[in-house]
Amino acid sequence: MTADQLTHPAGPAAPPAGPAAGARGPLPLVVYVLAAGTFLMLTTEFVVAGLLPEIAGDLQVTVAQAGLLITVFAAGMIVGSPAMALLTRRMPRRTTLLLALVVFAAGHVVVALGSSFELLLAARFVTAWATGAFWSVASVVATRAAGPGAGARALGLVGAGGMLANVLGVPLGAFAGQLSGWRGPFWALAVLAVAAVALVARQVPDDGPDRQAVSLRSELGALRSVRLWLVLAACATTTGGVLSAYSYVSPLLTDRAGLAAGLVPLVLVGFGVGSLIGTVVGGRLGDVHPHVTTIAVPAVTTVVLLAITLLSPLAVPAVVLVALLGLVGLSANPVLSAMAVRFAGVAPTLGVAMSVAAYNLGTAAGSGIAGLTLGSGLGAAGPAAVGTVLAALTLVPAVAVLLVQRRRGAGGTPATGALSGPRVG
């Protein structure tokens, strides 16, 4: 947080524009608890991908139809994140987190017991709403708990919980599904969510008497912020660029690079480990150099994706570049989330919720467009080419945020960093 951090008691302590003592100290335990919660949330979003054949066979649907369990979850996140931010705005944040975990657990019990494909789709959609609510509120709570100078770092750790899902949660879920049947991982996630309820109830503090209710009109008024919409555009394009390529990395590695199918999971683990490290490091850099991070990351990502497009016929460079994409591609996300908190003014939870929706919108749109290119002349390299264009487009809103900040600074508003200034706009 900068010295001119938000004075609104309803908002979170804002992430910093420059170095501060808080950036160097240890983060409080509650941030790690919330990171564990996001680990559960992201595991459930992607674990279905490793269980599609088993689900399709048991429910007597095609694999493509079973894939709708992933699509409907993303749709639920896009719609549910901002909707839940508004519906729960008067609830204590700890209560919202606990309610989200209870709904999350109940939704997984329904999936584990359900025999109707339509019922499973409905349960996944509702679970996505709970996931959006948890992620949005957890980001605000983590930012407040981190204290001066560590807001983006705290968000990086919370986001790292999601990245860890790709490294451990999804592979373990797929492995458990092969041993115990596809319903087993959903039972496990339900049990873990119940355990998380106890941790959140114990570790997340009360909002305190200084929190004031903000009217719906004021919260919606935060959406007039030009900087907020620029950040949301960057959220969509940067995530869409990376995940459009990642969604189809398997045919890229096997059909184009000639890698054995059995080695693909190892490459995906490399991507996941890179993402985990990059998210944590990106959060640290974002507390000190927010503009540099949000501009440099998409620039480097564009180069990496272009290199993947051109060098994918070569196995070793392709593997190295996929791991590098994981390291770099999503590392600016915690900084963008911190900006969304800041620029939403009196509606920080809504700001984060909108960023979550933007991430999922970018993922859905990017992967959808990328899939269409597989039948083109580009073949398996098509998704990486789409990702290159989307990543490059991220530079437009990222640079625009910097220019708006400088203009506001010239007009009398402090512009000491990307996240400075207490006003919305």
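## Largest cavity

The largest cavity has a volume of about 70 Å³. A cavity is a set of points, on a 1 Å grid over the protein atoms alone, where a 1.4 Å probe fits but cannot get out. Its volume is the space filled by probe spheres set on points joined across faces, edges and corners. The model is predicted: local features need pLDDT of at least 70, side-chain atom pairs count only at pLDDT 80 or more, and totals for chains, interfaces and linings use all residues. Residues are numbered from 1 along each chain as its sequence is written, and side-chain values use heavy atoms, without hydrogens or water.

Lining residues have an atom within 4 Å of a point. Here they include Tyr246, Phe271, Ile308 and Pro383. Helices H10 (226-246), H11 (249-256), H14 (315-329) and H17 (382-393) each supply at least two. Helices are DSSP runs (H or I, at least four residues), numbered from the N terminus. The lining has 12 nonpolar residues, no polar and no charged.

## Second cavity

The second largest cavity has a volume of about 50 Å³. Its lining includes His291, Thr294 and Met339. By class, that lining divides into 8 nonpolar, 2 polar and no charged residues.

## Helix H14

Buried residues (under 20% relative accessible area, 1.4 Å probe, protein chains only) in H14 include Leu321, Val322 and Leu325. Val322 and Leu325 also line the largest cavity.

Key
1 Å grid on protein atoms, 1.4 Å probe; cavity = no way out; pocket = protein on both sides within 12 Å on 5 of 7 lines; lining within 4 Å. Nonpolar A, V, L, I, M, F, W, Y, C, P; charged D, E, K, R; others polar. Buried < 20%, exposed > 50% of the residue type's maximum accessible area, 1.4 Å probe, protein only.
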